Amino acid sequence: MKFEYFEHTADVKFRSYGKDLQEAFANAAYALTNIITDYEKVEKNIEKSFTIKAEDEKALLYDFLEQFLILFDSENFVLKEITEIKIENLKLSVKFTGDNELKKYDIHTHVKAITYHEMEIIEEQGKVTIQAVPDI
Amino acid sequence: MEKIEVKKKTKYIWEIPKQGGMKVPCVIFGTDSMVKKMQEDGTLQQGKNMAHLPGIHKKACIMPDGHRGYGFPIGGVAALDFEKGGISPGGIGYDINCGVRLLRTNLNKDDVKEKINELLEKLFEACPPGVGSSNIRVDNEQLKLILNNGAKWAVDNGYGNKDDLVHCEENGCMKQADANTVSEQAMKRGKKQVATLGSGNHFLELQYVDQIYDKEAAKAFGITKKGQVTIMIHCGSRGLGHQVCSDYLRKMEKAYPDIIKSLPDRELIYAPAGSELAEQYLKAMAAAANYAWCNRHILGHQTRKAILETFKDAEVKTIYDVAHNICKIENHIIDNKKTKVYMHRKGATRAFGPDSKDIPKDYQGIGQPILIPGSMGTASYLLKGTNESEELSFSSTAHGAGRVMSRHAALKEFRGEAIAKEMHAKGIEVKGSSWKGIAEEASGAYKDIDEVIEISDKTGIGKKVARLIPIGVIKG
């Protein structure tokens with residue numbers, strides 16, 4: 001399983017999984033996008049990339065996920081697929097595809113922000129679990 | 001979750017006594033069952049956390065609609081000293097100046113009901129909900145003027161009038177605002193969203209007056225009879241405000257790693273009073289607040305236009321507009337001394353009494369109008385501020401019904417189509433951008449608004465003036 005959702009009074013809580021940090025981060029981006037629209041239905045019409053740095057892993061996750069909210073509000077961009085992701089020494093580089101013609105999709109809701117509330121990044125041998133609660 | 005020790009002081013006022021790192025006690029307004037729920041969902045823990053902030057005066061407060069938030073609980077009120085305290089983005093919230101505007105008309109509910117669907121169609125176009133993009137295009141220069149001048153920009157550009165400005169908290173513009181403190185990313189997020197409703201719990205509602213509790217105050221607010229139609233607009237600063245909060249939360253984290261370590265929760269991060277970041281955040285927050293006031297002002301104007309197209313002789317005036325998520329520099333009486341504070345209200349309404357000089361002249365002697373929306377399809381309330389609330393809650397009261405059920409659970413429990421049908425049977429038409437959004441905001445997912453209002457009224461932090469019932473809803 002890539003990700004799943006849990007109960008949270010005001011918002012939505014998700015957990016994403018991966019064999020390493022990279023995969024868990026990518027799956028967290030899908031979990032976030034999937035709150036906005038069914039990401040599997042999004043077409044690969046645009047390629048994008050960005051690089052960010054942060055002071056710790058949680059901050060890196062916060063900044064990483066936030067980029068997708070900024071792209072949604074400012075460019076109508078929704079994520080389809082993360083094609084390349086590299087995390088090293090709190091520096092993250094990512095390449096991904098998606099679309100900016102929102103009319104084609106059923107948009108469920110806006111996500112206001114990423115939060116640190118109940119945020120967890122648990123790294124075990126061969127398995128990483130991420131938990132986050134975006135503000136809706 | 002740790003059980004918090006909470007003492008009942010009076011029938012509806014509770015206290016978490018000062019303990020551990022708390023600098024002041026935390027006072028809660030609510031019934032037994034409300035406080036029990038706050039214990040279960042972590043609201044009390046967050047109230048206790050608030051009391052750890054530096055320079056906090058007298059008490060941290062939780063309003064009767066309090067529920068768990070990020071950093072502060074929703075319904076959290078705290079006065080941090082202007083010199084020894086600080087300003088905390090988590091004490092304001094991501095949706096800076098999420099708030100409510102209430103318009104009154106001289107129309108009767110029966111007249112409006114006859115044309116309700118036609119009117120809702122027009123309003124849906126005029127006030128785009130969901131991802132509907134704005135009817136108003138602005139360039140960066142214009143956007144900066146909005147951030148600096150708030151609702152005044154709208155009047156200068158032909159939307160609404162001066163009477164709307166006068167009947168708005170801060171006259172629709174916080175003077176501290178400086179567009180240059182707002183990041184390019186935040187500007188990009190807000191550029192296409194000027195005068196849009198947004199999603200989540202935001203809405204535009206056509207309502208009628210169901211009950212008048214205080215004739216004198218109602219009259220001062222322009223409410224004269226049962227059945228009179230009002231319009232309530234609930235929205236905020238959209239992506240721009242969310243990004244301002246996030247930008248400064250991250251800046252403060254980077255600047256003050258030691259402060260994070262000293263706090264029970266990372267999201268309570270603050271910029272100490274007197275620091276450059278405190279000053280910059282106040283300016284940026286004020287800019288986002290101005291964007292929100294400009295939004296609601298234009299939506300109010302568009303609503304008036306739609307009503308006048310349908311009812312040529314209608315009169316539509318602004319009663320008032322209040323912020324629910326904001327920090328203000330205010331003076332409060334603390335230990336018999338006038339003290340300047342960063343007044344944080346997160347999911348709480350400012351509630352100045354009749355003696356305040358910071359409310360419109362025509363309401364002085366009455367009290368500030370307090371606008372509290374219910375959940376979708378239930379009652380909303382018009383209240384008035386009291387002089388006693390200064391001592392009780394730093395002149396603050398509740399802001400809404402408060403969620404009790406997650407969106408996830410609401411989606412399992414309710415179907416949007418069925419909710420819309422149910423509401424239709426009750427005489428309420430609803431038009432939303434998605435069925436899912438309607439299900440998520442089903443009234444069953446919220447606290448009982450009537451009970452929240454009773455607590456405000458009985459404790460005296462805001463007194464009932466009129467009860468409003470919806471007949472048509474545009475759901476964001």
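Two residues are taken to be in contact here if their C-beta atoms, placed from the backbone, lie within 7 Å. The model is a predicted one, so local features need pLDDT of at least 70 and side-chain atom pairs count only at pLDDT 80 or more, while totals for chains, interfaces and linings use all residues. Residues are numbered from 1 along each chain as its sequence is written, and chains are lettered from A and ligands numbered from 1 in the order in which they are written.

Helices (H or I, at least four residues) and strands (E, at least two) are DSSP runs, numbered from the N terminus. A residue counts as buried if 20 or more other C-beta atoms lie within 10 Å of its own, as exposed if 12 or fewer do, and as partly exposed in between, again with C-beta atoms placed from the backbone.

Strands pair if DSSP finds at least two bridges between them, and β18(B) pairs with β19(B) (residues 463–475) in the parallel sense over four bridges. Within this pairing, V430(B) stands opposite V473(B) in β19(B). In a regular strand the side chains alternate between the two faces of the sheet. Strand β18 (residues 429–432) of chain B has V430(B) and G432(B) on its covered face, with E429(B) and K431(B) on the uncovered one.

Elsewhere in chain B, seven strands make an open sheet with mixed pairing, in the order β1-β2-β3-β4-β5-β13-β12. Its edge strands, β1 (7–10) and β12 (325–334) of chain B, each pair on one side only. Neighbouring strands of this sheet are turned by 30° against each other on average, direction ignored. Strands β3 (residues 26–29) and β4 (residues 60–67) of chain B run parallel and are joined by three bridges, with V27(B) opposite C61(B) in β4(B). Two helices pack on the sheet. Helix α1 (residues 32–41) of chain B touches β2 (13–16), β3 and β4 of chain B, and its direction makes about 100° with that of β4(B). Helix α2 (residues 43–50) of chain B touches β2, β3, β4 and β5 (74–81) of chain B, at about 155° to the direction of β4(B). Axes are lines fitted to C-alpha atoms, for helices over the stretch in contact, and angles run from 0 to 180 degrees between N-to-C directions.

Also in chain B, helix α7 (residues 162–166) holds K162(B), which counts as exposed because it has 10 C-beta neighbours inside 10 Å. C-alpha to C-alpha, K162(B) lies 29 Å from A186(B), and the two are 24 residues apart in sequence.

Chain A has two helices and seven strands, running β-β-α-β-α-β-β-β-β from the N terminus on. Its radius of gyration is 14 Å, close to the 14 Å that the globule rule gives for 136 residues, so chain A is as compact as a globular protein of that length. The radius is taken over C-alpha atoms, and the rule is 2.2 Å times the number of residues to the power 0.38. The C-alpha trace of chain A spans about 40 × 35 × 25 Å along its principal axes, and 43% of the 136 residues count as buried. Of the contacts in chain A with a separation of 6 or more, 64% are between residues 24 or more positions apart.

Chain A has an open sheet too, with three strands in the order β3-β5-β4 and antiparallel pairing. β3 (46–53) and β4 (78–88) of chain A stand at the edges with a single partner strand each, so one side of each is left without a neighbour in the sheet. Neighbouring strands here are turned by 20° against each other on average, direction ignored. β4(A) and β5(A) (residues 91–99) pair in the antiparallel sense over nine bridges, and L92(A) in β5(A) is the bridge partner of I87(A). Helix α2(A) packs on the sheet, touching β3, β4 and β5 of chain A, and its direction makes about 145° with that of β3(A).

Finally, the interface: 25 residues of chain A are in contact with 32 residues of chain B. Helix α2 (residues 57–75) of chain A gives the largest share of the A side, five residues. That side divides into 10 nonpolar, eight polar and seven charged residues, where Ala, Val, Leu, Ile, Met, Phe, Trp, Tyr, Cys and Pro count as nonpolar, Asp, Glu, Lys and Arg as charged, and the others, Gly among them, as polar.
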